[in-house]
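Student: Could we go through this model together, beginning with the whole chain and then turning to one residue?

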Amino acid sequence: MNKIAIGTIYRSEILRFLRTLTQSFLSPVLSAMLYFIVFGAAIGPRVQEIGGVSYGQFIVPGIIMLTVMTQSISNAAFGIFFPKFTRTTYELLSAPVDFFEIMCGYVGAAATKSLSIGLVILVAANFFVDLQIEYPIIMVLLLVLTCICFALFGFIIGIWANNFEQLQVIPLMLVTPLVFLGGSFYSLKDLPPVWQTITLFNPVSYLISGFRWTFFGQADVPVVYSLLALGIFSLGCIIMIWWIFRTGWRLRT
């Protein structure tokens, strides 16, 4: 494994992140704070407890997952799209590195960025609600795996996109609605039986449910299913990335 190549790509992406802190870091953190203010502080006192947990506490895992998923996709997608846009992809492809090393550099950097944002939001949430984490180690593990999983997905989107508009299509039109409909702000058990069944076809609901379980010890679906969903989706993304680099699909255009 070419560790120098991975480190070079990783450092380059992290430095770009540090140069655009206002847009890349402060903006998603402030957006998450608005969710806490509106849903937690303003609406929360008017909503009954959910499973013995106040509404302000209940929405914290959902807000963190919403931010982490979208930021992982955006960071990874832009990271690989920019070389395509500047026509420097050919230098990357001609270098003595394989797809796995390129993927590790870009995906690792994107996951690191979104993880740092998620942890800052987690700390900031304590200023709004009295937050207790029942399984902190598993929580961090699930958060890291989610960052990596959706960064892999964003890497594919960055290769697929032909312009900056397409970079935002899937995160805005697909991922964000799935997160909102996956139980970010409500429990699936409060839905009618028919809608509970329909929601189970939403893969994001498994991730949010598993992440919420690490906070409060309660979940809408078994946490094993959450880990299984992450594993299957990540493996599918890695296979897709391998195929892209093997065939050169959208990399040389």
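This is a predicted model: local features need pLDDT of at least 70, side-chain atom pairs count only at pLDDT 80 or more; totals for chains, interfaces and linings use all residues.

Tutor: Residues are numbered from 1 along each chain as its sequence is written, and side-chain values use heavy atoms, with hydrogens and water left out.

Student: How many helices and strands are there in the chain?

Tutor: Helices (H or I, at least four residues) and strands (E, at least two) are taken as DSSP runs, numbered from the N terminus. Along the sequence the pattern reads α-α-α-α-α-α-α-α-α-α, and the count is ten helices and zero strands.

Student: What radius of gyration does the chain have?

Tutor: The radius is taken over C-alpha atoms, and the globule rule is 2.2 Å times the number of residues to the power 0.38. For 253 residues a compact globule would have a value near 18 Å, and the chain agrees with this at 19 Å.

Student: Is Ser184 buried or exposed?

Tutor: Ser184 lies in the loop between α7 (164-180) and α8 (193-199). Buried means under 20% relative accessible area, exposed over 50% and partly exposed in between, with a 1.4 Å probe and protein chains only. Because its relative accessible area is 0%, Ser184 is buried.

Student: Which backbone oxygen does the side chain of Ser184 reach?

Tutor: Leaving aside neighbours within four places in sequence, Ser184 is in contact (heavy atoms within 4.5 Å) with residues including Ile59, Ile208 and Arg212. At 2.6 Å, its side chain reaches the backbone oxygen of Val179.

Key: A polar contact is a pair of N or O atoms within 3.5 Å; within protein, one must be able to donate a hydrogen and the other to accept it, and residues adjacent in sequence count only if both atoms are side-chain atoms.
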